[in-house]
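Please read them alongside the coordinates.

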Amino acid sequence: MRKEILPLLISLCLLAYAAGHTRKKQSRPEIKEIDTLYEIEEDDFYLYFHDPTCAYCQNTDALIDIYLSNDPDIPLYAVSAGSDLWEDTEFIPTLIYYENKDQEERLEGYSAIREFLYTTHDLPE
């Protein structure tokens, strides 16, 4: 009886493993990289200033992915290093919220952005 159960258990484990590795990743809206505010049509939006080589930005990128995977109502645009929009940005990462195309809130640094996204958008822990 024991010899009959072992192949069945192995088969079930292999099926479970295969099922877990063949699932499609949930798609999320892409972050649009912009160079000027004229590219934005919405009145309410976020601007996310980051540099791919910055470790704090990489951690914040993960939070941004979580935000985007929750189907946000407010679009998010990214601004990479070297853009003219960086003129008034001293720290990275920085997240700026615009309401009716006016700057309403500026969050500088990973901790401030994390706290804001988790408290205002109910992100899962």
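1. Helices α2 and α3 are roughly parallel to each other (a label for angles under 35 degrees; over 145 is roughly antiparallel, 65 to 115 roughly perpendicular, and the rest oblique). Their axes come within 10 Å and cross at roughly 10°. Axes here are lines fitted to C-alpha atoms, for helices over the stretch in contact, with angles running from 0 to 180 degrees between N-to-C directions. Helices (H or I, at least four residues) and strands (E, at least two) are DSSP runs numbered from the N terminus.

2. This is a predicted model, in which local features need pLDDT of at least 70 and side-chain atom pairs count only at pLDDT 80 or more, while totals for chains, interfaces and linings use all residues. Residues are numbered from 1 along each chain as its sequence is written, and side-chain values use heavy atoms, with hydrogens and water left out.

3. Contact between the two helices (heavy atoms within 4.5 Å) involves Tyr 56, Asn 59, Thr 60, Leu 63, Ile 64, Ile 66 and Tyr 67 of α2, which meet Tyr 110, Ile 113, Arg 114, Leu 117 and Tyr 118 of α3. By class, this contact has 9 nonpolar, 2 polar and 1 charged residues. Ala, Val, Leu, Ile, Met, Phe, Trp, Tyr, Cys and Pro count as nonpolar, Asp, Glu, Lys and Arg as charged, and the others, Gly among them, as polar.

4. Both helices lie across strands. Helix α2 (residues 55-69) lies across β2 (45-50) and β3, at about 155° to β2. Helix α3 (residues 110-120) lies across β2, β4 (94-99) and β5, at about 120° to β5.

5. The open sheet has 5 strands in the order β1-β3-β2-β4-β5, with mixed pairing; two strands pair if DSSP finds at least two bridges between them. At the edges, β1 (32-33) and β5 (102-108) each pair on one side only. Strand β1 pairs with β3 (residues 76-80) in the parallel sense over 2 bridges, and Lys 32 stands opposite Tyr 77 in β3.

6. Tyr 46 lies in strand β2 and counts as buried at 3% relative accessibility. Buried means under 20% relative accessible area, exposed over 50%, and partly exposed in between (1.4 Å probe, protein chains only). Beyond residues up to four places away in sequence, Tyr 46 touches residues including Tyr 67, Leu 76, Ile 96 and Phe 116. The C-alpha atoms of Tyr 46 and Ile 96 are separated by 5.5 Å, although the residues are 50 apart along the chain.

7. Leu 37, in the loop between β1 and β2, counts as partly exposed at 34% relative accessibility. Leaving aside neighbours within four places in sequence, Leu 37 is in contact with Phe 45, Leu 47, Leu 85 and Tyr 98.
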